[in-house]
Amino acid sequence: QVQLVESGGGLVQPGGSLRLSCAASGSIFSIGAMGWYRQAPGKQREVVAVITSGGSTNYADSVKGRFTISRVDDKNTMYLQMNSLKPEDTAVYYCNAMMTIKSGYTRDYWGQGTQVTVSS
């Protein structure tokens, strides 16, 4: 069974840092684009950052200069380094990946989410 598992969320004070991890496991043949999304209470899920299989990155304007997305392909893992956190960054963070499994089937996969709370 193919799955994505996030970790690294928690409670942090404004101005602090957290690093989220997303590990893919199962019968994976290849992983294409990956991304981090977030959903705050009462709001729609929004894209935070994406990274292609070639390493190109894109960020939401609200996190540019503060967040860094990266991936380590031989570990099937993606990261989100979050610095200078603000209360408005509080949300459940989800990882997403386009994965091809060994049967040849390709689709979007989502993790279960990890809570990030920025509060003093």
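**Entry 1**

I began with asparagine 76, which sits in the loop between strand 7 and strand 8. The model I am reading is a predicted one. I looked up the backbone here and found phi of asparagine 76 near 50°, a positive value in a residue other than glycine. Most residues other than glycine have a negative phi. Asparagine 76 is partly exposed, since its relative accessible area is 27%.

I then went to serine 84, in the loop between strand 8 and strand 9. Serine 84 is not a glycine either, yet it has a positive phi of about 50°.

**Entry 2: aspartate 89**

Which loop holds aspartate 89? I found aspartate 89 in the loop between strand 8 (77-82) and strand 9 (91-101). Is aspartate 89 buried or exposed? Its relative accessibility is 1%, so I put aspartate 89 down as buried.

I checked its side chain next. A polar contact of 3.0 Å runs from the side chain of aspartate 89 to the side chain of arginine 38, and one of 2.8 Å joins aspartate 89 to the side chain of arginine 66. Leaving out residues up to four places away in sequence, I listed the residues that aspartate 89 touches as Arg38, Arg66, Phe67, Ser84, Val116 and Val118.

**Entry 3: salt bridges**

How many salt bridges does a search of the whole structure find? I noted 5.

One of them is between aspartate 89 and arginine 38, with the closest N and O atoms 3.0 Å apart. Aspartate 89 lies in the loop between strand 8 and strand 9 and arginine 38 in strand 4 (residues 28-39), so this pair ties together parts that are 51 residues apart in sequence. Both partners, aspartate 89 and arginine 38, are buried; for arginine 38 I have a relative accessibility of 5%.

Arginine 38 also meets glutamate 46 in a salt bridge of 2.7 Å, N to O. Glutamate 46 is partly exposed, at 37% relative accessibility.

I also recorded the salt bridge between the side chains of aspartate 61 and lysine 64, at 3.1 Å, N to O. Aspartate 61 is exposed, with a relative accessible area of 66%, and lysine 64 is partly exposed at 48%. Elsewhere, salt bridges with shared partners join Arg38, Glu46, Arg66 and Asp89 into one network.

**Entry 4: the nonpolar core**

I looked up the largest nonpolar core, which has 32 residues. Trp36, Leu80, Met82, Tyr93 and Met99 are the members that touch the most other members. The elements giving two or more residues to this core are strand 3 (18-25), strand 4, strand 5 (46-51), strand 7 (67-72), strand 8, strand 9 and strand 11 (114-118). Which strand gives the most to this core? Strand 9 does, with 6 residues.

I took methionine 82 as an example. Setting aside neighbours within four places in sequence, I found methionine 82 in contact with Gly16, Ser17, Leu18, Leu20, Arg66, Phe67, Tyr93 and Val116.

**Entry 5: rings**

Arginine 45 lies over the face of tyrosine 94, 3.8 Å from the ring centre. Arginine 45 also lies over the face of tryptophan 110, here at 4.7 Å from the ring centre. For aromatic pairs, I have a count of 1.

Key:
Residues are numbered from 1 along each chain as its sequence is written. This is a predicted model: local features need pLDDT of at least 70, side-chain atom pairs count only at pLDDT 80 or more; totals for chains, interfaces and linings use all residues. Side-chain values use heavy atoms; hydrogens and water are left out. Rings of Phe, Tyr and Trp (its six-membered ring) pair if their centres lie within 6.5 Å; planes under 30 degrees apart count as stacked, over 60 as edge-to-face and the rest as tilted. A charge sits over a ring if NZ of Lys or CZ of Arg is within 6 Å of the ring centre and within 35 degrees of the ring normal. Helices (H or I, at least four residues) and strands (E, at least two) are DSSP runs, numbered from the N terminus. Buried means under 20% relative accessible area, exposed over 50%, partly exposed in between (1.4 Å probe, protein chains only). A polar contact is a pair of N or O atoms within 3.5 Å; within protein, one must be able to donate a hydrogen and the other to accept it, and residues adjacent in sequence count only if both atoms are side-chain atoms. Contact means heavy atoms within 4.5 Å. A salt bridge is a side-chain nitrogen of Lys or Arg within 4 Å of a carboxyl oxygen of Asp or Glu. A nonpolar core is a set of buried Ala, Val, Leu, Ile, Met, Phe, Trp, Tyr and Cys residues joined through side-chain atoms within 4.5 Å.
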